[in-house]
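Hello,

Here is the structure I promised to pass on to you. Have a look at it first, and then read my notes below.

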Amino acid sequence: MTNVIEADHLGKHYRGTWALRECTLAIPAGHVAALVGPNGAGKTTLLNLAVGLAAPSAGAVTVLGGRTAGSRAALDGIAFVAQDTPVYQNLSAKDLLHLTRNLNRHFDTGYARGRLGELGIPLKRKAGKLSGGQQAQLALTLALGRRPRLLVLDEPLANLDPVARHDFMATVMAAVAADGVSVLLSSHVLAELERVADYLILLSQGQVQLAGKAGDLLASHHMVGLEELALAYLRKTLEVAK
Amino acid sequence: MTALTMSARLGNDTDLRPVPWRRMAWVTWRQHRFALAGVAGLLGVLAAYLVFTGLPMHHAYAAVAACRPASSLACGNATGDFDNAHWSTAEAIAVLLQVVPALIGAFAVAPILARELETGTFRYAWTQGIGRTRWTLAKLVPLAVTVAAAAGAFSVLFSWYFKPFVDQGLQTRLPPLAPLVFDLHGVAFAAWTLAACSIGALAGMLIRRVVPAIAATMAAWAGLALSAGLFLRQHYLTPLVAHNPNLPGSAWIISSWYTGRDGKPLSQAAVSQFLQGYHPAAKQVGPNSFQTNLDPVGYITQHGYKFWVTYQPGSRFWPFQWIEGGYLLGLSVLLLAATIWLVRHRAA
């Protein structure tokens, strides 16, 4: 089984401060991996490095079994939905489907149109006129229509109401069940990922504190919930910092 | 998921073919058609104005040019009348057109990258399978080339419109190398438009916000255009030197001065003081009109002083056009290359 992301002493600094330091991890394929940590822990930095938007200051990161992050081969197999799900506000859903189809080697227009139909998102409506939840669903549909091997989501639930959160995760889990797509999603609220994540990476102060399969981590730490486990670790790192 | 797409996904993907360029053509058109329509509208309105005012003007000019004998008082008056009727409009248009390349670069090109970065949509665009280098090239290059070509076509029309004022036959209003006309003729207008586009692209990538990028593009373009017109252009080729004050009207005069008997340049004050002793004889040519053959240069040179003038002859128009067009093309390529480098290395 290949690793969807492999980081080797990966580091990134912005204007003298390290956003991510000495990050070494390997996330195997076939998981819904939750990247968890407080604000400013380096989650977005790690995701930007993985999708090739940022270049490492130190170390290296590869994706999908050894492809250089950001290379054409890597981009071909990864779909990324950034925080606040940016899409062109002045384009209709239909135009955005066509746009994404033209920007990729393959795009499953049938799936994407069907998905938007089920969600009740009108194809002719401009993205800017959709609700926040609908925009998030649209961005997710554009990403899944590419049939990626790895779906990367940065704080996908942060600005959604509870119903939209549920619907968004239902779409993700349906794709996991149908396609076996690997998922890496970040959040600063673990509670909402408890039910779906089966792999956990805990990031704090730019460093990986804990990484592994959810079941293994819980068993070895004698805990029942991921949130409890994460809290225990975060408290520990804060005490060390003091 | 069908077996077909599955095998395509799991196939040998080390030698992936890139997404073809023609797919990007649709993207560029769909996202920038309003900017292109804006450029077409601006140039179209200006072109229509040139045609509607130019046709009657050329009609009037043909009559003036046909006046014989050309040195007669009547022909001189006809030339003067033509000048009075049309010069101020033509001059105003030429002044207005100076800023057109900057407007195109600032409003059509600078927002392309700046808006992506300002709204965060670059995180979508630059993580698609096409890759951000291809994406950027396929947006900037066709747009810049298209608007530069449109500007080039427009300057052909302007050359026709403005011909009476740079014509050699008549009293020449402006030498073809003069700042107001040179950059609207030949290849210069297209080259300045291309330069404005590449400045806009780089400003958008560096500044990452639409409004400041527009302002910076205008400022940078104005600085470059002013320094070219006021300082650089006169040095493209070594100016010629003459002692004759009666140069042809096509000559672009760079500077003129006098030297005294000792060969040292005279100050303006010294020349003025000397001229106070000059009292040209007035000759009565009519009941109430006098004609004075003013020739201060002749008067001064008779007294052992020497007149100097450096100038660029009108015959250097095309060499100068190619020099200016050439370095602006080089600059544009450099700025676009810098933009692409930044896109590749400074995305997030």
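Let's start where the chains meet: chain A and chain B share 11 residue pairs in polar contact, with both residues at pLDDT 80 or more. A polar contact is a pair of N or O atoms within 3.5 Å; within protein, one must be able to donate a hydrogen and the other to accept it, and residues adjacent in sequence count only if both atoms are side-chain atoms. On the side of chain A that touches chain B, helix H3(A) gives the largest share, 7 residues. (Helices are DSSP runs of H or I with at least four residues, strands are runs of E with at least two, and both are numbered from the N terminus.)

This is a predicted model, where local features need pLDDT of at least 70, side-chain atom pairs need 80 or more, and totals for chains, interfaces and linings use all residues. Residues are numbered from 1 along each chain as written, chains are lettered from A and ligands numbered from 1 in the order written, and side-chain values use heavy atoms, without hydrogens and water.

The interface also has 1 salt bridge, defined as a side-chain nitrogen of Lys or Arg within 4 Å of a carboxyl oxygen of Asp or Glu. Asp95(A) and Arg30(B) form this bridge, with their closest N and O atoms 2.7 Å apart. Counting heavy atoms within 4.5 Å as contact, 35 residues of chain A and 31 residues of chain B take part.

How confident is the predictor? On pLDDT, its confidence in each residue from 0 to 100, chain A averages 91, and 99% of its residues reach 70 or more.

Enjoy exploring!

Methods: pLDDT is the predictor's confidence in each residue, from 0 to 100.
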